[in-house]
Amino acid sequence: MDDTSLKIMQLSAQGFCCSQMMIMMALEDQGEENPALVRSMSALCQGIGQSGGICGAVSGGACVLGLYAAKGSPDEEEHEKYKLMVSELMDWFENMTSDEYGGATCDAITGGANVPEMGICGTIVERTRNKVLELLAENDIDPTVPKGSENAF
(Lines give C-alpha, C1' and ligand atoms only; values in the text may rest on other atoms or scores of the structure.)
Protein backbone atom coordinates (compact mmCIF):
# COMPACT_ATOMS: atom_id res chain seq x y z
CA MET A 1 0.00 0.00 0.00
CA ASP A 2 1.45 3.38 -1.00
CA ASP A 3 1.24 6.69 0.85
CA THR A 4 -1.73 7.95 -1.20
CA SER A 5 -3.79 4.82 -0.53
CA LEU A 6 -3.03 5.05 3.16
CA LYS A 7 -3.92 8.74 3.28
CA ILE A 8 -7.24 8.09 1.50
CA MET A 9 -8.08 5.33 3.97
CA GLN A 10 -7.26 7.61 6.91
CA LEU A 11 -9.35 10.49 5.55
CA SER A 12 -12.26 8.17 4.81
CA ALA A 13 -12.11 6.77 8.35
CA GLN A 14 -12.28 10.38 9.61
CA GLY A 15 -15.52 10.91 7.65
CA PHE A 16 -14.28 12.96 4.70
CA CYS A 17 -15.74 12.44 1.24
CA CYS A 18 -13.95 12.17 -2.10
CA SER A 19 -13.98 15.87 -3.02
CA GLN A 20 -12.75 16.82 0.44
CA MET A 21 -9.97 14.23 0.20
CA MET A 22 -8.81 15.69 -3.10
CA ILE A 23 -8.44 19.22 -1.72
CA MET A 24 -7.02 18.06 1.62
CA MET A 25 -4.21 16.14 -0.09
CA ALA A 26 -3.43 19.16 -2.29
CA LEU A 27 -3.35 21.45 0.73
CA GLU A 28 -1.12 18.97 2.54
CA ASP A 29 1.24 18.96 -0.46
CA GLN A 30 1.52 22.72 -0.04
CA GLY A 31 2.00 22.50 3.71
CA GLU A 32 -1.30 24.33 4.17
CA GLU A 33 -4.55 23.82 6.03
CA ASN A 34 -7.84 25.48 5.15
CA PRO A 35 -10.83 24.07 7.06
CA ALA A 36 -13.22 26.54 5.39
CA LEU A 37 -12.21 25.31 1.93
CA VAL A 38 -12.47 21.68 3.08
CA ARG A 39 -15.97 22.37 4.43
CA SER A 40 -17.02 24.00 1.17
CA MET A 41 -15.85 20.95 -0.78
CA SER A 42 -18.46 18.84 1.03
CA ALA A 43 -21.06 20.32 -1.33
CA LEU A 44 -19.53 18.17 -4.10
CA CYS A 45 -19.86 14.91 -2.14
CA GLN A 46 -21.73 12.05 -3.79
CA GLY A 47 -22.39 14.10 -6.89
CA ILE A 48 -23.05 17.75 -5.94
CA GLY A 49 -25.39 17.89 -3.01
CA GLN A 50 -25.55 14.09 -2.77
CA SER A 51 -27.60 14.05 -5.99
CA GLY A 52 -25.81 11.07 -7.50
CA GLY A 53 -24.45 13.37 -10.24
CA ILE A 54 -20.88 13.81 -11.41
CA CYS A 55 -18.41 12.08 -9.08
CA GLY A 56 -16.91 14.28 -6.38
CA ALA A 57 -13.43 12.91 -7.06
CA VAL A 58 -13.35 14.56 -10.48
CA SER A 59 -15.18 17.73 -9.45
CA GLY A 60 -12.78 17.91 -6.51
CA GLY A 61 -9.89 17.28 -8.91
CA ALA A 62 -11.05 20.18 -11.06
CA CYS A 63 -11.10 22.34 -7.92
CA VAL A 64 -7.54 21.24 -7.13
CA LEU A 65 -6.46 22.35 -10.60
CA GLY A 66 -8.18 25.66 -9.89
CA LEU A 67 -6.31 25.94 -6.59
CA TYR A 68 -3.03 25.84 -8.51
CA ALA A 69 -3.88 27.53 -11.79
CA ALA A 70 -7.07 29.65 -11.72
CA LYS A 71 -7.42 33.37 -11.11
CA GLY A 72 -8.01 34.12 -7.44
CA SER A 73 -7.59 37.86 -7.11
CA PRO A 74 -7.85 40.95 -9.35
CA ASP A 75 -4.09 41.11 -9.86
CA GLU A 76 -3.67 37.41 -10.60
CA GLU A 77 -3.84 35.70 -13.98
CA GLU A 78 -4.91 32.15 -14.59
CA HIS A 79 -2.36 29.74 -15.98
CA GLU A 80 -2.51 29.79 -19.76
CA LYS A 81 -3.42 26.09 -19.84
CA TYR A 82 -5.77 26.00 -16.86
CA LYS A 83 -8.96 25.41 -18.85
CA LEU A 84 -7.22 22.83 -21.01
CA MET A 85 -6.05 20.96 -17.89
CA VAL A 86 -9.62 20.85 -16.55
CA SER A 87 -10.91 19.69 -19.92
CA GLU A 88 -8.26 16.96 -20.11
CA LEU A 89 -9.12 15.81 -16.59
CA MET A 90 -12.82 15.62 -17.42
CA ASP A 91 -12.21 13.75 -20.70
CA TRP A 92 -9.89 11.28 -18.98
CA PHE A 93 -12.37 10.71 -16.14
CA GLU A 94 -15.34 10.25 -18.46
CA ASN A 95 -13.42 7.69 -20.52
CA MET A 96 -12.10 5.84 -17.49
CA THR A 97 -15.41 5.62 -15.66
CA SER A 98 -17.50 4.91 -18.77
CA ASP A 99 -15.32 1.92 -19.58
CA GLU A 100 -15.23 0.57 -16.03
CA TYR A 101 -18.50 1.69 -14.42
CA GLY A 102 -20.83 2.80 -17.20
CA GLY A 103 -20.56 6.52 -16.48
CA ALA A 104 -18.97 9.36 -14.51
CA THR A 105 -21.77 9.88 -12.01
CA CYS A 106 -21.92 8.59 -8.46
CA ASP A 107 -25.06 6.70 -9.43
CA ALA A 108 -23.24 4.89 -12.25
CA ILE A 109 -20.13 4.19 -10.19
CA THR A 110 -22.03 2.90 -7.16
CA GLY A 111 -24.65 1.03 -9.16
CA GLY A 112 -27.39 3.44 -8.12
CA ALA A 113 -26.75 3.09 -4.41
CA ASN A 114 -25.15 6.56 -4.23
CA VAL A 115 -23.32 5.40 -1.13
CA PRO A 116 -19.52 5.57 -1.18
CA GLU A 117 -17.86 2.17 -1.23
CA MET A 118 -14.20 2.73 -0.42
CA GLY A 119 -13.01 -0.23 -2.45
CA ILE A 120 -14.27 1.53 -5.57
CA CYS A 121 -14.31 5.16 -4.48
CA GLY A 122 -10.87 5.05 -2.87
CA THR A 123 -9.40 3.70 -6.09
CA ILE A 124 -11.12 6.42 -8.10
CA VAL A 125 -9.87 9.14 -5.74
CA GLU A 126 -6.33 7.78 -5.99
CA ARG A 127 -6.41 7.52 -9.78
CA THR A 128 -7.90 11.00 -10.08
CA ARG A 129 -5.27 12.47 -7.76
CA ASN A 130 -2.55 10.84 -9.84
CA LYS A 131 -4.05 12.30 -13.02
CA VAL A 132 -4.23 15.78 -11.45
CA LEU A 133 -0.57 15.52 -10.39
CA GLU A 134 0.33 14.37 -13.90
CA LEU A 135 -1.46 17.37 -15.46
CA LEU A 136 0.27 19.76 -13.06
CA ALA A 137 3.68 18.26 -13.88
CA GLU A 138 3.02 18.43 -17.63
CA ASN A 139 2.38 22.16 -17.19
CA ASP A 140 5.40 22.85 -14.96
CA ILE A 141 3.32 23.46 -11.84
CA ASP A 142 4.93 22.24 -8.63
CA PRO A 143 2.20 20.82 -6.34
CA THR A 144 4.22 21.78 -3.26
CA VAL A 145 4.14 25.48 -4.14
CA PRO A 146 0.93 27.46 -3.51
CA LYS A 147 -0.19 29.76 -6.32
CA GLY A 148 0.66 33.34 -5.53
CA SER A 149 3.94 32.51 -3.84
CA GLU A 150 7.07 33.76 -5.53
CA ASN A 151 8.01 30.22 -6.63
CA ALA A 152 4.66 29.44 -8.30
CA PHE A 153 4.50 28.96 -12.05
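**Exercise 1. Is the crossing of H2 and H4 right-handed or left-handed?** Characterise the packing of this helix pair.

*Solution.* This is a predicted model, in which local features need pLDDT of at least 70, side-chain atom pairs count only at pLDDT 80 or more, and totals for chains, interfaces and linings use all residues. Residues are numbered from 1 along each chain as its sequence is written, and side-chain values use heavy atoms, with hydrogens and water left out.

Step 1. Helices are DSSP runs (H or I, at least four residues), numbered from the N terminus. The pair consists of H2 (18-29) and H4 (56-69).

Step 2. Two packed helices are described by the angle between their axes and the distance between the axes. Axes are lines fitted to C-alpha atoms over the stretch in contact, and angles run from 0 to 180 degrees between N-to-C directions. For H2 and H4 the angle is about 30 degrees and the axes lie 7 Å apart.

Step 3. H2 and H4 are therefore roughly parallel (angles under 35 degrees).

Step 4. The crossing is right-handed, that is, the near helix is turned clockwise from the far one by less than a right angle.

Step 5. Contacts (heavy atoms within 4.5 Å) involve residues of H2 including Met22, Ile23 and Leu27, and residues of H4 including Gly60, Gly61 and Val64.

**Exercise 2. Which residues of helix H1 are buried?** Determine how they are arranged and what covers them.

*Solution.* 

Step 1. In H1 (residues 3-13), the buried residues are Thr4, Ser5, Ile8 and Leu11; buried means under 20% relative accessible area, exposed over 50%, with a 1.4 Å probe and protein chains only.

Step 2. These residues lie on the same side of H1, because they cover an arc of only 130 degrees around the axis; the arc is that of the directions from the helix axis to the C-beta atoms.

Step 3. Asp3 and Ala13, on the other side of H1, are exposed.

Step 4. The cover over the buried residues includes helix H2 and helix H7 (118-138).

Step 5. At the start of H1, a side-chain oxygen of aspartate 2 comes to within 3.3 Å of the backbone nitrogen of threonine 4. After H1 comes glycine 15, with a positive phi near 95 degrees.

Technical notes
Helix = DSSP H or I, 4+ residues; strand = E, 2+ residues; numbered from the N terminus. Polar contact = N/O pair within 3.5 Å; in protein donor to acceptor, adjacent residues only side chain to side chain. Parallel < 35°, antiparallel > 145°, perpendicular 65-115°, else oblique.
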